[in-house]
Amino acid sequence: MSFPMMAQEELLLQSILIPSELRENANAVVRFENTNIEILAIDKMIYKNKRIVTILNSSADSKHGAYMHYDENTSIKKLEAKIYNQQGKEIKKFRKNDFKDQSAVEGGTLYSDSRVKYLDYTPINYPYTVVFETEVEYRSTAFIPSWRPIEGYYTSSQNVSYNISNLSGIDLNIKTSNFENYNIEKHHEMHYSAENLYALKYESYSPPFSDFAPILKASLTQFNMEGVLGVNTSWSDFGKWMNDKLIQGTQELPPNLIDEVKGLTANAQTDLEKAKIVYQFMQNRTRYISVQVGIGGWKPMLASDVNRLGYGDCKGLTNYTKAMLDELGVESYYTVIYGGRDIRDIDESFSSVQGNHVILCIPNASDYVWLECTSQTVPFAYNANFTDDRDALIITPEGGKIVHTKVYKTEDNLLDTKAIINVDDSGNITAEVVSKSYGTQYGQHDGKENLSVKDQILAYKDYWSHINGLDVSEMNYVNDKDSIVFTETVKVSAERYAAKAGNRLLLQPNLFNRLDSAPTRYDERTLPFEVDRGFVDTDSYEIKLPNTLQIEALMNPVSIENKFGTYKASITQISEDTLLYQREFTMNKGNYTKEEYEAFRAFWLDVVKYDKSKIVLKSNS
């Protein structure tokens, strides 16, 4: 697609002319973007981009896209931006030297050769329009920019195109995903354009954006990664290249360390026992620091350097752990993965440079054990909430292989809460609460023990925010990393928790695990939804009453079961002065259509309602 004539471009600069459909749900509108990539050789690629984007409000100030990453293998030939007001009048111009320049990696970074030039502009009024032009020459061809016709939520695209000219003589693979539901035109195998792609609004429980939004990925079957030639005809080839060119030669360890590790594991009976000892040894003597140098941040530090310095990034710490296990004859695999709360797979059907994280894989009979080597506190073989339930690439001497990481089953993700609660005739309460968390729920609770006492108290006050005037007097934690169970014992009190109504008290018996709100309501949901990790909550509270109160009314038992989960709640009198409240709430893992969302939300609303059920206590006086 060619760039519009000057008169047409002037129209694009006037934000008042944006069609209303493109404004709907949008914070920014990409008026025009033309991306051209020329692959001239295995070690030369030219990237050209011209982009016009209108920023409608302050939520989209970062959406102008006026930035460019670079390193010693990247040469920025052209970089300029112009700012226009609502009427299309130029109000500011930035040339290459006007862009801010800083390290591309923030926080916890020891050193990095990756940098970024970015537009630093504080708007005076909204809307405003940014015209951004860039031309960059790459000597590495391992990372061909992908194309996302819709860049994210709340951003629409009016006229965008993407074209690759491959003059290298090397085969180029292209994969498009989710194009069929959007107005995207294919001109030829490497040339696409799109018009009037409307903004998508985020909806609760939506799948990851890349699961439903259009994306094009491109990859050469042979490439250059900062001077190291690579082969990529399959995941097997790609993994073989990583093993031979990036990992081999980095795992030599000093003799004294080898002797120390062998001594520590001398009495271990199995490979897993040895691995656990080595893992804990690694955690105790290293810390995580991001290191973004070497082959595009893909080659690990020398294991001997990690040992000497006591730090490393995910690549270095994983490689260091693997090197020690190799010396013990324990098989393990360096593994590339997408780490994050959202579950994202390495694309099994398209081999290319993918992933943002590295972990260690240990074969265990017909399964695998996964080790997160960047944490000094996570238990051995625990990878919930960050690298669980996704396809990953393990690197073996024979080549790469896609395998799936551990899936934490719904029934294993348990939060079990027990409490003994004392209620007086004024409605005041004191209680001892004991909660045990397992599976994915362990990872949501164990961090409390590392907080300051002040922050621990604030965490409980926030968690139990429905209890006004909550006072937290004692806290005790037991973190059983062998069984991976986190136990919290907390003593609390609150005045007038039960509401007085004449000579009666209205008491909500679910004090400590209440669902207070349901997912957002939508007049017309547009996206499917998913529950990516199921869980089970079980609650059992003994409520002790003084002899000055008698029971007038108890809540009726509740039992709900559907495809989304189950909910059961009841309260019974187990002795003259004691009530027993029991609750079980199960949320199933699953993927659902947008049409099922209302039923899903209705289930949550029922849980919210029954969690607030009351009982009536009457004064004897």
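Leaving aside its neighbours within four places in sequence, with which residues is phenylalanine 512 in contact? Taking contact as heavy atoms within 4.5 Å, phenylalanine 512 meets Thr417, Ala419, Ile421, Ala431, Val433, Tyr463, Trp464, Ile467, Val492 and Tyr541.

Before I continue, a word on the source. This is a predicted model, in which local features need pLDDT of at least 70 and side-chain atom pairs count only at pLDDT 80 or more, while totals for chains, interfaces and linings use all residues. Residues are numbered from 1 along each chain as its sequence is written, and side-chain values use heavy atoms, with hydrogens and water left out.

I turn to the cores. A nonpolar core is a set of buried Ala, Val, Leu, Ile, Met, Phe, Trp, Tyr and Cys residues joined through side-chain atoms within 4.5 Å; buried means under 20% relative accessible area, exposed over 50%, and partly exposed in between, with a 1.4 Å probe and protein chains only. The largest such core has 85 residues, and Phe512 is among those with the most contacts inside it, as are Tyr320, Met324, Ile421, Trp464, Ile543 and Tyr567. Helix 10, residues 597–611, gives the most to this core, with six residues. Helices (H or I, at least four residues) and strands (E, at least two) are DSSP runs, numbered from the N terminus. A second, separate core of 47 residues includes Met45, Ala66, Leu216 and Leu527.

Threonine 417, one of the contacts of phenylalanine 512, lies in strand 25 (residues 414–423). Threonine 417 counts as buried because its relative accessible area is 2%. Apart from neighbours within four places in sequence, threonine 417 is in contact with Val433, Val434, Ser435, Phe512, Thr538, Asp539, Ser540 and Tyr541.

On a 1 Å grid over the protein atoms alone, a cavity is a set of points where a 1.4 Å probe fits but cannot get out; a pocket is an open set with protein on both sides within 12 Å along at least five of seven lines, and lining residues have an atom within 4 Å of a point.

Of its 34 lining residues, Tyr205, Gln441, Gln444, Phe535 and Trp604 are the closest to its centre. Helix 8 supplies the largest share of the lining, four residues. The lining has 16 nonpolar, eight polar and ten charged residues.

Finally, the cysteines. Taking a disulfide as a pair of cysteine sulfur atoms within 2.5 Å, the structure holds zero. Cysteine 314 is buried at 10% relative accessibility, and cysteine 373 is buried at 2%.

Definitions and conventions: Ala, Val, Leu, Ile, Met, Phe, Trp, Tyr, Cys and Pro count as nonpolar, Asp, Glu, Lys and Arg as charged, and the others, Gly among them, as polar.
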